[in-house]
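Thanks for making time this morning.

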Amino acid sequence: TGTFDGLRAVVTGGASGIGLATATLLAERGARVACLDLFPDVPGVPEPLLGVRADVTGDASVRAAVAEAADRLGGIDILVNNAGIGAQGGIEDNDDDEWHRVFDVNVFGMVRVARAALPYLRASRAAAIVNTCSIAATAGLPRRVLYASTKGAVLAMTRAMATDLVAEGIRVNCVNPGTADTPWVNRLLAAATDPEEERRALAARQPMGRLVSAEEVAEAIAYLASPLAGSTTGTDLAVDGGMHGL
Ligand code: NAD
């Protein structure tokens with residue numbers, strides 16, 4: 001039997017990268033999974049995953065998508081709050097609109113989805129939330145002030161929510177990936193002057209000398225989401241090739 005037999009999961013940003021790898025892994029281990037994404041059909045969320053369109057920047061969109069997912073899955077036990085976007089630059093490089101835009105996805109998006117999912121999680125016997133944070137929350141990476149600030153908020157939100165929800169049996173944890181080999185990072189690399197050199201530089205930044213794989217991050221998320229982590233809440237798990245130790 002699978003670790004997730006009988007459990008129902010919602011994964012935001014589930015149509016690409018870390019989200020898709022996580023949704024696939026949870027389904028392989030027995031979960032029924034809905035992938036909430038702006039583009040659930042591009043490149044195509046494969047069966048048996050269920051694609052549901054959602055924009056995490058809109059409260060009505062989120063509520064409708066979470067209700068549809070719960071309806072089609074028969075409830076929600078696990079929320080993987082993963083949708084996120086990147087931002088580059090130092091403190092003077094992004095204007096107010098850009099700060100609002102990135103916080104709206106990376107922070108308020110997770111707040112909206114968590115709020116919408118909580119009534120369903122309360123009805124579960126194995127409720128868990130896993131937020132995709134980033135090593136950027138604490139690593140002081142160069143030219144990532146806005147992105148790092150959003151992930152710092154996710155880290156704080158994870159710990160605070162874990163405290164508030166522990167008595168209700170809802171666990172809340174997060175993962176901190178290092179630079180991971182996903183379509184997002186590949187888009188960034190494609191835009192670089194010398195993509196191969198940039199890939200080597202990103203890999204060299206991590207002590208293991210390579211990028212993290214989406215599957216490795218998915219394994220960490222799956223562990224924290226599973227009943228096997230039943231005594232674990234309020235933690236962050238680094239999957240970063242050793243970067244957090246520096
Ligand atoms: P990705 O771009 O491959 O996938 C992100 C998915 O989120 C996409 O399918 C996209 O459509 C969806 N999404 C974006 N905005 C959305 C919105 N408003 N509403 C609904 N869905 C939306 O990226 P990824 O690399 O898999 O990143 C996933 C998460 O991992 C993000 O939270 C990111 O911050 C985090 N992360 C990534 C890395 C990395 O190096 N790739 C490192 C640390 C943390």
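In what order do the 7 strands of the open sheet lie, and is their pairing parallel or antiparallel? Before I answer, please keep in mind that this is a predicted model, in which local features need pLDDT of at least 70 and side-chain atom pairs count only at pLDDT 80 or more, while totals for chains, interfaces and linings use all residues. Residues are numbered from 1 along each chain as its sequence is written.

The order is β3-β2-β1-β4-β5-β6-β9, with parallel pairing; strands here are DSSP runs of E with at least two residues, helices are runs of H or I with at least four, and both are numbered from the N terminus. Two strands pair if DSSP finds at least two bridges between them. At the edges stand β3 (50-53) and β9 (236-239), each with a single partner strand, so one side of each has no neighbour in the sheet. Neighbouring strands are turned against each other by 20 degrees on average, direction ignored. Strand β5 (residues 128-132) and strand β6 (residues 171-177) run parallel and are joined by 5 bridges, and Ile-129 has Val-172 in β6 as its bridge partner.

Helix α2 packs on this sheet, touching β1 (8-12), β2 (32-37) and β3, and its direction makes about 160 degrees with that of β2. Angles run from 0 to 180 degrees between N-to-C directions, and axes are lines fitted to C-alpha atoms, for helices over the stretch in contact.

Turning to the helices, α2 (residues 59-73) packs against α3 (residues 96-122) at an angle of about 35 degrees, with the axes 9 Å apart. From α2 the contact draws on Asp-59, Val-62, Arg-63, Val-66 and Ala-70, and from α3 on Arg-112, Val-113, Ala-116, Ala-117 and Tyr-120, where contact requires C-beta atoms, placed from the backbone, within 7 Å.

Back in strand β1 we find Arg-8, which counts as buried because it has 22 C-beta neighbours inside 10 Å (buried means 20 or more, exposed 12 or fewer, partly exposed in between). Leaving aside neighbours within four places in sequence, the contacts of Arg-8 include Ala-31, Arg-32 and Leu-73.

Finally, the ligand: of the 29 residues around it, Gly-13, Ser-16, Gly-17, Gly-84 and Thr-182 come nearest, a residue being near if its C-beta atom, placed from the backbone, lies within 6 Å. Helices α1 (17-28), α3 and α6 (183-190) each supply at least two residues of that shell.

How values were computed. Two residues are in contact if their C-beta atoms, placed from the backbone, lie within 7 Å.
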